[in-house]
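The sequence and model come next.

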Amino acid sequence: MRQTGSAVSGAASSPQRNQAHLIEIEAKGIVKRFPNVLALNHVSLEVRRGEIHALMGENGAGKTTLMSTLYGLTRPDLGQVLIRGNEVVLHSPAHAMSYGIGMVHQSFKLFDSLTVWENVVYGAEPARGPLIDRSEAIKKVRSLAERFGLSVDPLSTVGRLPVGVRQRVEILKALYRDARILILDEPTAVLTPGECDTFFSIVRRFASDGRTVLLVTHKMREVMAVSSRITVLRDGQVTALLATENTTPEEITRAMTGRNLTVLAMHQAPPAEGLALEVEGLTIHEAAKNSVSGLSLFVRHGEIVGIAGVAGNGQTELIEAIAGLRGATSGKVKICSVDVSEFPLRARRHAGMGYVPEDRQATGSAAAASATDNCSLGFQRQPPLSRRGILHHTTMMRLARDLIARFEIKIRSENEPVRILSGGNLQKLVVAREFNHEASIVLVEQPTRGVDVAASDIIHRAILDQRDRGRGVLLVSSELAELTKLSDRILVMFGGEIIAEIPRDQFDETRLGLLMAGQPHEPKDGSR
């Protein structure tokens, strides 16, 4: 690998480095410009056969652009891509697949109207004569899902699945094609610890079989546990090539951010008093079954209540019902003792609710609108953003500039459309907007999914600040480390029900992981 940054150590000096036959895929001097943005500035990368190579960097550092180049989604302005020592010009993902390159995307590349099995086998369908062998395809997909511990129904329509389950479909697509080079972009964002262990045991077997894995992740523990080398990008350039066994999370973070991050302090909040949110006997019956069954919970003012669970166990439906985006079959939702069960989303906001949805793009923002407009979404009819029904653009722009500065959102100006933002910067914008307004209860779903370590730190501090200001926070996350770091108590959901309630002094990730998987548990204490 040709280093363009300032710090290269560890495996960079290995005697194997110059044995070209060991290099499975290589990028040389890649340059990619977008309007007003130099995304990649002479970036070079080489990944060895049989290696699990991690690529790390802050959101907007250029990781996705580099991966898109290696997968044929993006054509570089300058530079070369070599596969097993031969230069190739990749015109499309299908072309990349013909060279044995598979990719699991962070942003899904799925057909919402098709079933899981149709998405997985698309373009590589098993045939029976001139027809697709439907039963064989379903059998293969179901077998793969069971083998990798990725619970998903092959007959489900993808567009009706929660975000977490859709990500599993992306993983299955790549595994189905038996790729020799596997690019994983945040592949475990919605998996339990047990599922992660299973998944990476398979990834290790891929590597031991001579296959190559390029892992893009923000999860430091995964990088330290499974990779052999780490390439770090910052502002479109390589800043470090590190041997995992010879480095530390602190060194990686410095290479990513250019600074040291201080330890997050868990400030002692005043005793939580009064109920910010009450959910009583909530049932959601859809598609001939209950996605949520008679569920009750509460959140006090000044308290963070975490919800742990494998994606697909009713968390998404629960939060959408509390927010007013999904109808409930029965039950009540109260905000500060006011029954809002029949209120639409806007009325629930007025009653004192903030909402950070799990899908920051489809639900949390308007891609074509400016940062100014997005920073006001949902609150634009309230003073001081509007007066007598007329938007006050100067105030809206002032608010956007303030939030951009406070949350360190990387955007040239508040007038730019948010579609140009990286996932992490868009997430910070959504969080900033929802946390800026007065709310008694804030619903927060997957706040740091696909978000780098520096942005995660900013978001975590903001969540704690909400608690310390006396607001209730209902936090849904697939990251147990995040839940145990922030929550005052954790509720575990399985099969649309709360099966356990764990106070902070009893947090244990192993126990929580077993509960999330539906393992036997002790009787719950109830919701109060």
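**Cysteines, confidence and cavities**

A search of the whole structure finds zero disulfides, a disulfide being a pair of cysteine sulfur atoms within 2.5 Å. In general, such a link is a covalent bond between the sulfur atoms of two cysteines. Cys375 is buried, with a relative accessible area of 0%. Cys336 is partly exposed, at 28%. Here buried means under 20% relative accessible area, exposed over 50%, and partly exposed in between, with a 1.4 Å probe and protein chains only.

This is a predicted model, where local features need pLDDT of at least 70 and side-chain atom pairs count only at pLDDT 80 or more, while totals for chains, interfaces and linings use all residues. Residues are numbered from 1 along each chain as its sequence is written, and side-chain values use heavy atoms, with hydrogens and water left out.

How confident is the predictor? pLDDT, its confidence in each residue, runs from 0 to 100. The protein averages 87, and 90% of the residues score at least 70. Over residues 1-20 pLDDT stays under 50, and the model has 39 contacts beyond four places in sequence for them. Residues 523-528 also stay under 50, with 15 such contacts. A contact means heavy atoms within 4.5 Å.

The search finds three cavities of 30 Å³ or more. On a 1 Å grid over the protein atoms alone, a cavity is a set of points where a 1.4 Å probe fits but cannot get out, and lining residues have an atom within 4 Å of a point. Grid points are joined across faces, edges and corners, and a volume is the space filled by probe spheres set on the points.

The largest cavity holds about 90 Å³. Of its 13 lining residues, Ala311, Gln315, Thr316, Glu358 and Gln446 are the closest to its centre. The lining has three nonpolar, seven polar and three charged residues. Ala, Val, Leu, Ile, Met, Phe, Trp, Tyr, Cys and Pro count as nonpolar, Asp, Glu, Lys and Arg as charged, and the others, Gly among them, as polar.

The second largest cavity holds about 50 Å³. Its lining divides into one nonpolar, three polar and five charged residues. Among them are Glu58, Lys410 and Asp452. Helix H13 (residues 423-436) gives the most to this lining, with three residues. Helices (H or I, at least four residues) and strands (E, at least two) are DSSP runs, numbered from the N terminus.

Definitions and conventions
On a 1 Å grid over the protein atoms alone, a cavity is a set of points where a 1.4 Å probe fits but cannot get out, and a pocket is an open set with protein on both sides within 12 Å along at least five of seven lines; lining residues have an atom within 4 Å of a point. pLDDT is the predictor's confidence in each residue, from 0 to 100.
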